[in-house]
Amino acid sequence: MAVPVSSTASGLVTTFMQDSARMARERGPVFHRSLFHLEFTFVSSAALATELSDERRFRKLVHPSVAVLRSFLGDGLLSADGDDPAWRVGHELLMPAFSQASMRQYHPVMLDAADQLIETWDQADGDPVDVVADTTKLSLEVIGRSGFGYSFDSFQQGPTHPFVLALSDTVANGQRTVTRPPMLGSLIGARAAQRAEQNIAYMNSVVDDVITHRLTSANDQAEDLLAIMLASDLLDPVAIRHQVLTFLAAGYGTTSGTLAFALYYLARDPEVLDRARAEVDAIWGNDEPTFDQVTKLRYLRRVVDETLRLWPTAPGYARQAREDTVLGGIHPMHAGDWVLVLLPAVHRDPVWGEDVESFIPDRFLPEQIKRRPPGAYKPFGTGERACIGRQFALHELVLTLGLLIRRYHLTLPPDYTLQVEEVLVFRPVGLTLHVRQR
């Protein structure tokens with residue numbers, strides 16, 4: 001098996017999207033901004049995001065920062081072009097893996113992975129826990145075991161699993177490839193390309209091991225993602241590898257980041273935490289929660305929704321005009337022109353009220369939702385190209401948060417100030433918590 005090679009500076013040090021969201025308050029609902037040689041046209045209003053959801057006029061565009069990942073994701077569901085037939089084949093094939101029947105099958109797997117996280121935190125013995133590192137382990141286990149019947153043994157792999165190191169470095173290199181100014185020369189690019197090639201070879205070997213494990217072992221998860229792909233003649237072995245990599249790449253980072261942000265807000269706001277915990281105690285008691293009991297945690301679900309409002313799974317999504325049009329009566333677009341829906345700005349549109357930076361889960365009470373345009377909240381994208389695994393992610397998020405707040409008191413370090421890094425997703429930097437059993 002090839003060995004992953006990690007850069008000492010694998011993360012992108014940038015706040016470009018956060019800075020752009022702040023600029024939106026002054027520059028208006030449509031504005032332009034450059035990042036080195038890249039040009040962005042941002043849309044920051046809920047009304048225009050709603051208009052852009054019209055599939056008759058607009059379609060998904062795979063933004064350059066995602067398109068560059070085709071070097072290892074191929075035409076997987078994340079990186080396939082807007083109208084690529086390969087996307088539709090994969091999407092229609094894999095949709096049954098996210099039915100409610102399948103979700104019920106994944107529930108005990110999620111419970112078992114959460115138990116591993118709890119066991120780790122029980123052993124902290126007063127030391128702070130690394131929230132992002134531990135939620136990353138959890139999310140990798142959940143998607144690996146639920147989707148492919150494969151355990152990465154994440155909680156036995158030290159601070160970070162080698163697969164995550166390789167994936168993070170490859171993604172970061174892809175982002176740098178897109179944004180790197182041409183004048184930096186070829187040496188940096190050549191070294192990074194060589195490292196990326198080694199990392200991709202390692203990730204491919206991991207996925208091949210996942211597939212071999214399934215083919216050579218008895219496994220009764222007949223309806224998980226891998227079983228569906230292997231039983232079909234619609235995907236060749238390379239396409240199957242690309243889809244497995246896509247779900248691993250998209251599945252662990254988004255959920256782990258959201259879990260970390262939610263734990264931060266819960267620890268910061270005792271009133272919200274007490275209310276969420278009281279709901280969990282009332283509905284679950286001390287028993288292992290059933291699938292249906294997770295769906296009854298309405299307030300905790302609002303906590304998740306409010307977390308995704310402030311820090312959505314990705315900074316935004318691109319929409320491309322199918323034909324000449326005028327967006328919102330103010331922005332002319334030719335066929336093929338595209339804009340980026342800047343979610344941190346859209347999710348802070350005035351339709352959300354005056355105090356848009358405050359964490360208020362009751363923004364998602366049914367009567368509040370009805371007052372807002374449908375485009376005001378799009379953490380998983382829009383239309384048929386929205387995230388296929390959103391219900392999977394939401395169940396994992398609510399279940400895990402419920403288990404953690406039922407078991408622990410959560411305390412932030414007194415000097416911690418939230419900082420957010422940007423790769424393909426948002427995630428908090430340096431977040432630790434003191435956890436103490438109730």
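Student: In which helix of this predicted model is His 91 found, and why is His 91 called buried?

Tutor: His 91 is found in helix H5, residues 85-94. Its relative accessible area is 14%, and buried means under 20%; His 91 is therefore buried.

Student: Which residues does His 91 touch?

Tutor: Leaving aside residues up to four places away in sequence, His 91 touches Leu 77, Glu 384 and Ile 388.

Student: What makes Phe 40 and Phe 42 a stacked pair?

Tutor: Their ring centres lie 5.5 Å apart, and rings pair if their centres lie within 6.5 Å. Their planes stand at 5°, and planes under 30 degrees apart count as stacked, so the pair is stacked. Phe 40, at 4% relative accessibility, counts as buried, and Phe 42 is buried at 0%.

Student: Why is the pair of Trp 352 and Phe 364 called tilted?

Tutor: The centres of these rings are also 5.5 Å apart, within the 6.5 Å limit. The planes, however, stand at 50°; under 30 degrees would count as stacked and over 60 as edge-to-face, so the pair is tilted. Trp 352 and Phe 364 are 12 residues apart, in the loop between helices H15 and H16. Trp 352 is buried at 5% relative accessibility, and Phe 364 is buried at 7%.

Student: What makes E1 and E3 edge strands?

Tutor: The open sheet of 5 strands has the order E1-E2-E8-E5-E3. E1 and E3 each have a single partner strand, so one side of each is left without a neighbour in the sheet.

Student: How do you know that E3 and E5 pair?

Tutor: Two strands pair if at least two bridges are found between them. E3 and E5 are joined over 4 bridges in the antiparallel sense, so they pair. Leu 61 stands opposite Ala 318 in E5.

Student: What makes helix H11 largely enclosed?

Tutor: Of its 32 residues, 25 are buried, so H11 is largely enclosed by the rest of the structure. H11 spans residues 237-268 and reaches 47 Å from its first C-alpha to its last, close to the 46 Å expected.

Student: How do you know that Asp 236 caps the N-terminal end of H11?

Tutor: A side-chain oxygen of Asp 236 lies 3.1 Å from the backbone nitrogen of Val 238.

Methods. Residues numbered from 1 in each chain as written. Predicted model: local features only at pLDDT ≥ 70, side-chain atom pairs only at ≥ 80, totals over all residues. Heavy atoms only, no water. Helix = DSSP H or I, 4+ residues; strand = E, 2+ residues; numbered from the N terminus. Expected span 1.5 Å × (residues − 1). Buried < 20%, exposed > 50% of the residue type's maximum accessible area, 1.4 Å probe, protein only. Polar contact = N/O pair within 3.5 Å; in protein donor to acceptor, adjacent residues only side chain to side chain. Contact = heavy atoms within 4.5 Å. Phe/Tyr/Trp six-rings, centres within 6.5 Å; stacked < 30°, edge-to-face > 60°.
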